[in-house]
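User: I would like to learn how to read a protein model. Can you take me through it, one feature at a time?

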Amino acid sequence: QVQLVESGGGLVQPGGSLRLSCAASGSIFEIYVMNWYRQAPGKQRELVAHITGHGSTNYADSVKGRFTISRDNAKNTVALQMNSLKPEDTGVYYCNADIRSTWSGTYNYWGQGTQVTVSS
């Protein structure tokens, strides 16, 4: 069984920073692409940032220059450093990854989500 568990959400004032972390656990053979998505109230879930196994990254236009995605392949973790936060960054942030387990094929997994609220 493979699991993704996020941590690091919370309440922050506009202009502040938060760091989200996501740890993958279970019978993992290899982790391919890792993503952070977010879903604001009343809106569809959107891709925020993406990092490949080799470290190539891509970001939504709305977060470029403010957010940084990184991963530690040895620890099976991915992080999202969020700076200069804006109220419109508020939402539930989800970790997502394509993972090949040791006993089965490659599947797409989601974490349970962590709430980020940017408000004064």
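Analyst: Start with burial. A residue is buried under 20% relative accessible area, exposed over 50%, and partly exposed in between (1.4 Å probe, protein chains only). In this structure, Asp89 and Arg66 are both buried. Know what you are looking at: this is a predicted model, where local features need pLDDT of at least 70, side-chain atom pairs count only at pLDDT 80 or more, and totals for chains, interfaces and linings use all residues. Residues are numbered from 1 along each chain as its sequence is written, and side-chain values use heavy atoms, with hydrogens and water left out.

User: What do the side chains of Asp89 and Arg66 form when they meet?

Analyst: A salt bridge, 2.8 Å from N to O. The term means a side-chain nitrogen of Lys or Arg within 4 Å of a carboxyl oxygen of Asp or Glu. Asp89 lies in the loop between strand 8 and strand 9, and Arg66 in the loop between strand 6 (57-59) and strand 7 (67-72), so the pair ties together parts 23 residues apart in sequence. Strands, by the way, are DSSP runs (E, at least two residues), numbered from the N terminus.

User: How many salt bridges does the structure hold?

Analyst: Four. In one of them, Asp89 joins Arg38, with the closest N and O atoms 2.9 Å apart. That pair links distant parts of the chain: Arg38 is in strand 4, and Asp89 in the loop between strand 8 (77-82) and strand 9, 51 residues apart. Asp89 is buried because its relative accessible area is 1%. Arg38, at 6%, is buried too. Shared partners join Arg38, Glu46, Arg66 and Asp89 into one network of salt bridges.

User: Is Asp61, the partner of Lys64 in a salt bridge, buried or exposed?

Analyst: Asp61 is exposed, because its relative accessible area is 65%. Lys64 counts as partly exposed at 47%. The closest N and O atoms of Lys64 and Asp61 are 3.2 Å apart.

User: Now the rings. How is a pair of aromatic rings described?

Analyst: By the distance of the centres and the angle of the planes. Rings of Phe, Tyr and Trp (its six-membered ring) pair if their centres lie within 6.5 Å; planes under 30 degrees apart are stacked, over 60 edge-to-face, and the rest tilted. By this rule there are two aromatic pairs here. Tyr37 and Trp110 have ring centres 4.9 Å apart and planes at 55°, so the pair is tilted. Tyr37 sits in strand 4 (residues 28-39) and Trp110 in strand 10 (residues 106-110), 73 residues apart.

User: Why is the pair of Tyr94 and Trp110 called edge-to-face?

Analyst: Because the planes stand at 85°, with the ring centres 6.3 Å apart. Tyr94 is in strand 9 (residues 91-101) and Trp110 in strand 10, so the pair ties together parts 16 residues apart in sequence. Ring pairs link Tyr37, Tyr94 and Trp110 into a cluster. Tyr94 is buried at 13%, and Trp110 is partly exposed at 37%.

User: Which residue has its charged end over the ring of Tyr94?

Analyst: Arg45, 3.8 Å from the ring centre. The rule asks for NZ of Lys or CZ of Arg within 6 Å of the ring centre and within 35 degrees of the ring normal. Arg45 also lies over the face of Trp110, at 4.7 Å from the ring centre.

User: Last, which residues form the covered face of strand 7?

Analyst: Phe67, Ile69 and Arg71. The uncovered face has Thr68, Ser70 and Asp72.

Definitions and conventions:
Helices (H or I, at least four residues) and strands (E, at least two) are DSSP runs, numbered from the N terminus.
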